Amino acid sequence: MAEFLTDIETLRSRARLEMEKGPVTDAYGADLDRVLQVLNEALATELVCVLRYKRHYYTAGGLYSEPVAAEFLEHAGEEQEHADKLAKRIVQLGGEPDFNPDTLTKRSHAQYDESLDLIDMIKEDLVAERVAIASYTEIAKWLGDGDPTTRRVFEDLLSQEEEHADDLRGLLERIPQTQPGL
């Protein structure tokens with residue numbers, strides 16, 4: 001079996017070099033600038049999702065709106081937690097989280113939505129969740145072993161985005177869809 005660990009004196013010497021880089025050491029195997037860009041795009045995605053869910057929460061109306069609005073509010077809170085995790089990771093890697101509202105929707109993978117129909121709201125939120133699932137799956141694969149910590153962040157987010165999609169699909173199955181002409 002090959003040696004897997006650099007001798008301790010070499011590790012200690014390397015640890016003292018470039019301490020200002022914090023957790024980013026010579027062992028970091030990803031393109032840091034690109035990782036920070038991807039993290040900021042994901043941050044924008046989560047922030048747009050928070051805003052979309054909040055709008056849907058406040059504007060949901062109709063017979064089935066109460067449980068649906070409650071789901072929107074819960075998802076908004078979880079999307080905010082996702083944004084916080086991403087911003088924290090950006091800072092850990094020595095980057096700056098981009099909260100600029102002027103460019104938020106341009107950087108986001110998901111779209112903002114102003115639907116007023118409850119079914120349309122659910123569908124638009126489900127589309128956004130599916131976009132996040134596809135994006136985060138691709139990002140996790142792309143990161144691979146180059147940045148396992150950031151990969152795990154995306155895997156954790158991915159798990160919750162899948163739950164959101166499942167919740168929304170369930171809402172669509174439980175709420176009667178109106179038929180044109182009836």
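Is Glu-155 buried, partly exposed or exposed? In this predicted model, Glu-155 is partly exposed, its relative accessible area being 35%.

- Glu-155 pairs with Arg-151 in a salt bridge, with an N to O distance of 3.3 Å.
- Both residues belong to helix α6, where a spacing of 4 residues corresponds to about one turn.
- Arg-151 is buried at a relative accessible area of 17%, because the limit for that class is under 20%.
- Asp-166 and Arg-169 also form a salt bridge, at 2.5 Å from N to O.
- These two residues are 3 apart in helix α6, so about one helical turn separates them.
- Asp-166 is partly exposed, with 41% relative accessible area, and Arg-169 is likewise partly exposed at 46%.

**A salt bridge between helices**

- The whole structure contains 6 salt bridges.
- One of them links Arg-52 to Asp-125, whose closest N and O atoms are 2.5 Å apart.
- Because Arg-52 sits in helix α2 and Asp-125 in helix α5, this pair ties together parts 73 residues apart in sequence.
- Arg-52 is buried at 0% relative accessibility, and Asp-125 is buried with a relative accessible area of 0%.

**Helix α5 and its ends**

- Helix α5 comprises 26 residues and spans 37 Å from first to last C-alpha, close to the expected 38 Å.
- Gly-144 follows the helix and has a positive phi, near 45 degrees.

**Nonpolar core**

- The largest nonpolar core has 42 residues, and those touching the most other members are Leu-39, Phe-72, Leu-86, Ile-122, Tyr-136 and Phe-154.
- Helices α2 (32-59), α3, α5 (118-143) and α6 (148-174) each give two or more residues to this core.
- Beyond its neighbours within four places in sequence, Ile-122 contacts Val-68, Phe-72, Leu-168, Leu-171, Leu-172 and Ile-175.

**Ser-65**

- Ser-65 lies in helix α3, which covers residues 65-92.
- Ser-65 is buried, with a relative accessible area of 12%.
- Apart from residues up to four places away in sequence, Ser-65 touches Ala-60 and Leu-118.

Note on methods
Residues are numbered from 1 along each chain as its sequence is written. This is a predicted model: local features need pLDDT of at least 70, side-chain atom pairs count only at pLDDT 80 or more; totals for chains, interfaces and linings use all residues. Side-chain values use heavy atoms; hydrogens and water are left out. Buried means under 20% relative accessible area, exposed over 50%, partly exposed in between (1.4 Å probe, protein chains only). Contact means heavy atoms within 4.5 Å. A nonpolar core is a set of buried Ala, Val, Leu, Ile, Met, Phe, Trp, Tyr and Cys residues joined through side-chain atoms within 4.5 Å. The expected span of a helix is 1.5 Å times one less than its number of residues. A salt bridge is a side-chain nitrogen of Lys or Arg within 4 Å of a carboxyl oxygen of Asp or Glu.
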